[in-house]
Amino acid sequence: MQSQRMLSIGYLAGLITPLWLTLGVALAGALYPGYSHLDHAMSLLGAHGAPTQGLSPLINNFPLGALFMVFGVAVALSFDNRWARLSGMLIVVHGLGSFGTGYFSCDAGCAPESPSASQNLHNLAGLAMALSLLLASALWVYLGRRLLGSRGFSWLSLLCTLLVLGTLPLMAGALESGHGFGLYQRINYGASLLWVAALALMLLRRERIQRVPNHP
């Protein structure tokens with residue numbers, strides 16, 4: 001019973017990640033004069049010299065990293081299937097990457113010609129974040145129907161995976177033009193967080209069904 005309660009807490013951690021990020025980025029952006037959610041990267045909120053450099057990691061990167069890690073462990077412990085467990089570990093890696101992007105701030109402007117060591121480590125952590133959730137959602141295109149009996153979740157996993165991939169060239173183009181990067185980044189990461197919340201919801205539903213007496 002105690003272990004099941006811990007799993008439930010893990011599922012709830014995954015469920016609240018989109019709301020936490022939305023509120024945290026909105027608060028940090030409001031405290032950053034001239035910040036544009038349409039044009040600016042979220043990393044700019046914690047960049048060197050930014051007015052929210054100290055605040056943004058404390059309300060965004062670090063708590064979100066903890067939420068992802070707790071959720072990832074819960075996913076890994078919920079299944080005997082090795083691919084499902086791998087997806088949980090990938091979510092844990094995403095959480096570690098969130099800590100990394102918060103601890104290693106990007107340089108002022110986040111796109112210097114000569115990046116510092118902190119900028120390079122920030123980029124490396126960001127790459128780990130992006131790849132880990134992309135691979136995790138791709139795994140559940142197959143696992144959704146097999147382990148959860150949900151064709152709908154398999155299709156959602158596919159949709160979110162394709163949306164993440166589809167926004168990558170848009171982000172690259174916006175980075176060159178200097179306009180729209182923030183919008184495409186939010187769509188990109190929002191798709192991943194939608195998938196995380198949906199998986200958490202499916203696991204909470206699965207847990208509730210399993211608690212029903214005499215449920216097959």
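Here is a friendly conversation about a predicted model, its helices and some of its residues.

Visitor: Which pLDDT is needed for local features in this predicted model?
Guide: This is a predicted model in which side-chain atom pairs count only at pLDDT 80 or more, totals for chains, interfaces and linings use all residues, and local features need pLDDT of at least 70. Residues are numbered from 1 along each chain as its sequence is written, and side-chain values use heavy atoms, with hydrogens and water left out. For local features, then, the value is a pLDDT of at least 70.

Visitor: Where is the place of Asn81?
Guide: Helices are DSSP runs of H or I with at least four residues, numbered from the N terminus. Helix H3 covers 55–77 and helix H4 covers 82–103. Asn81 has its place in the loop between helix H3 and helix H4.

Visitor: Is Asn81 buried or exposed?
Guide: Buried means under 20% relative accessible area, exposed means over 50%, and partly exposed is in between, with a 1.4 Å probe and protein chains only. Asn81 has 15% relative accessibility, so Asn81 counts as buried.

Visitor: Which residues does Asn81 touch, not counting residues up to four places away in sequence?
Guide: Contact here means heavy atoms within 4.5 Å. With residues up to four places away in sequence not counted, Asn81 touches Leu143, Arg146 and Leu147.

Visitor: How far is the backbone nitrogen of Ala84 from a polar atom of the side chain of Asn81?
Guide: A polar contact is a pair of N or O atoms within 3.5 Å; within protein, one must be able to donate a hydrogen and the other to accept it, and residues adjacent in sequence count only if both atoms are side-chain atoms. On the Asn81 side the polar atom belongs to the side chain, and its distance from the backbone nitrogen of Ala84 is 3.0 Å.

Visitor: Where is Arg146 found, and which side chain joins it in a polar contact?
Guide: Arg146 is found in helix H5, residues 117–148. At 54% relative accessibility, Arg146 counts as exposed. Its side chain has a polar contact of 2.3 Å with the side chain of Tyr142.

Visitor: Which side chains meet in the salt bridge?
Guide: Side chains of opposite charge can pair when their charged atoms come close. A salt bridge is a side-chain nitrogen of Lys or Arg within 4 Å of a carboxyl oxygen of Asp or Glu, and the structure holds one. At 3.4 Å, N to O, the side chains that meet are those of Arg85 and Asp80.

Visitor: Which helix gives the most to the nonpolar patch?
Guide: Patches are made of residues with over 30% relative accessible area and no salt bridge, where like charges are joined within 9 Å and nonpolar side chains (Val, Leu, Ile, Met, Phe, Trp, Tyr) within 5 Å. Val73, Leu77, Trp83, Leu86 and Met89 make a nonpolar surface patch of about 460 Å², with areas from the Shrake-Rupley method and a 1.4 Å probe, where for residues only the protein chains shown count as cover. H3 and H4 each supply at least two residues. With three residues, the helix that gives the most is H4.

Visitor: What is the relative accessibility of Trp83?
Guide: Trp83 lies in helix H4. Trp83 counts as partly exposed because its relative accessibility is 39%.

Visitor: How far apart are the sulfur atoms of Cys106 and Cys110?
Guide: A disulfide is a pair of cysteine sulfur atoms within 2.5 Å, and the structure holds one. Cys106 is buried, with a relative accessible area of 1%. Cys106 and Cys110 form the disulfide, with their sulfur atoms apart by 1.9 Å.

Visitor: Which residues does His94 touch, not counting residues up to four places away in sequence?
Guide: His94 lies in helix H4 and counts as buried at 1% relative accessibility. With residues up to four places away in sequence not counted, His94 touches Phe68, Met129, Ser132, Leu133 and Tyr189.

Visitor: Which residues are in contact with Gln185, leaving aside neighbours within four places in sequence?
Guide: Gln185 lies in helix H7, residues 181–211, and counts as buried at 14% relative accessibility. Leaving aside neighbours within four places in sequence, the residues in contact with Gln185 are His40, Ala41, Met42 and Met171.
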